[in-house]
Amino acid sequence: WAGKDSEVSQLATWRPFSDESCPWFDPFWMFGVTPSNPSLARGGTGGVDVVLGNPPYVRQEAIKHLKADLKNYQVYTGTSDLYTYFYESGFNLLKEQGILAFITSNKWMRAKYGEKLRAFFLEQTRLLQLIDFKGKPVFDATVDANILLFKKGTDQSATVWVGGDLPTTEKPLQPLAQSLLNKQAFVLGDEKIHALKAKIEAKGTPLKEW
């Protein structure tokens with residue numbers, strides 16, 4: 001920091017709990033992450049330990065000018081909300097076994113545009129926790145939120161801890177085998193609920209097929 005008066009001044013005046021951007025943030029200086037270093041920027045042997053965030057919600061109609069670039073993402077779907085791409089970007093910044101924690105809209109769990117994202121989670125991550133608030137107003141916002149934590153790396157025998165609210169002693173999160181989740185839609189519940197769902201689907205005709 002010697003001689004960097006402007007940086008010190010910016011740091012001294014930064015208000016970390018405001019919604020202002022951080023003018024002194026330098027990912028290379030702080031974490032060694034730079035687009036010119038593929039092993040870091042694209043999630044190679046380097047990368048960061050933790051990615052934590054609340055990505056912006058921007059409907060696909062407002063990001064048409066970005067779609068040519070967004071098509072480079074594995075999770076790209078023409079109708080996706082902007083926040084979905086932050087999951088893949090965050091994943092790419094992680095080192096192996098690094099952890100991402102996001103709170104976002106829960107629409108990706110069931111919407112058609114979230115199918116590639118759900119497949120991405122199932123195939124390339126170990127899901128740790130998934131809390132779907134199911135419309136509970138945790139924010140002063142018009143979106144229904146959820147919290148997802150995953151680890152970079154796969155584990156076919158992984159257990160996901162799921163729930164409908166932040167865990168308490170009286171209502172802890174419940175274990176769910178990641179293998180029971182399906183890219184068609186993420187349905188939370190214990191194994192009995194998933195067994196019943198599978199039984200109904202095996203004997204019935206989905207509404208979309210009528």
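This is a predicted model: local features need pLDDT of at least 70, side-chain atom pairs count only at pLDDT 80 or more; totals for chains, interfaces and linings use all residues.
Colleague: What elements make up the chain, and in which order do they run?

Modeller: The chain has seven helices and six strands. Read from the N terminus, the order is α-α-α-β-α-α-β-α-β-β-β-β-α.

Colleague: How many aromatic pairs does the structure hold, and why is the pair of Tyr-87 and Phe-121 called edge-to-face?

Modeller: There are 12 aromatic pairs in the structure. For Tyr-87 and Phe-121 the ring centres are 5.2 Å apart and the planes stand at 80°. Rings pair if their centres lie within 6.5 Å, and planes over 60 degrees apart count as edge-to-face; therefore the rings of Tyr-87 and Phe-121 form an edge-to-face pair.

Colleague: What makes this pair a tie between parts of the chain?

Modeller: Tyr-87 belongs to helix α5 (residues 83-93) and Phe-121 to helix α6 (residues 115-124), so the pair ties together parts that are 34 residues apart in sequence. Both Tyr-87 and Phe-121 are buried.

Colleague: Why is the pair of Trp-108 and Phe-121 also described as edge-to-face?

Modeller: The centres of these two rings are 5.1 Å apart, with 75° between the planes. Because edge-to-face requires over 60 degrees, the angle of 75° places Trp-108 and Phe-121 in that class. Trp-108 lies in the loop between β2 (94-105) and α6, whereas Phe-121 lies in helix α6, so this pair links parts that are 13 residues apart in sequence. Trp-108 and Phe-121 are both buried.

Colleague: Which residues form one aromatic cluster?

Modeller: The cluster consists of Tyr-87, Phe-91, Phe-102, Trp-108, Phe-120, Phe-121, Phe-150 and Phe-186.

Colleague: How do you know that the charged end of Lys-152 sits over the ring of Phe-91?

Modeller: The charged end of Lys-152 is 4.7 Å from the centre of the Phe-91 ring, and it is placed over that ring. The distance limit for such an arrangement is 6 Å.

Colleague: Why is Gly-135 called partly exposed?

Modeller: The relative accessible area of Gly-135 is 37%. Buried means under 20% and exposed over 50%; the value for Gly-135 lies in between, and the residue is therefore partly exposed. Gly-135 is located in the loop between β3 (125-132) and β4 (145-152). From Asn-106 it is 29 residues away in sequence and 9.1 Å away in space, C-alpha to C-alpha.

Colleague: What makes β1 and β6 the edge strands of the sheet?

Modeller: The six strands form an open sheet in the order β1-β2-β4-β3-β5-β6, with mixed pairing. Strands β1 (48-53) and β6 (174-177) each pair on one side only. Neighbouring strands of this sheet are turned by 15° against each other on average, direction ignored.

Colleague: How do you know that β5 and β6 pair?

Modeller: Four bridges join strand β5 (residues 159-163) to β6, and the two run antiparallel. At least two bridges are required for a pair, so β5 and β6 qualify. Val-162 stands opposite Gln-174 in β6.

Colleague: Which strands does α5 touch, and which does α6 lie across?

Modeller: Helix α5 packs on the sheet and touches β1, β2, β3 and β4, its direction making about 160° with that of β2. Helix α6 lies across β3 and β4 and runs at about 130° to β3.

Methods. Residues are numbered from 1 along each chain as its sequence is written. Side-chain values use heavy atoms; hydrogens and water are left out. Rings of Phe, Tyr and Trp (its six-membered ring) pair if their centres lie within 6.5 Å; planes under 30 degrees apart count as stacked, over 60 as edge-to-face and the rest as tilted. Buried means under 20% relative accessible area, exposed over 50%, partly exposed in between (1.4 Å probe, protein chains only). A charge sits over a ring if NZ of Lys or CZ of Arg is within 6 Å of the ring centre and within 35 degrees of the ring normal. Axes are lines fitted to C-alpha atoms, for helices over the stretch in contact, and angles run from 0 to 180 degrees between N-to-C directions. Contact means heavy atoms within 4.5 Å.
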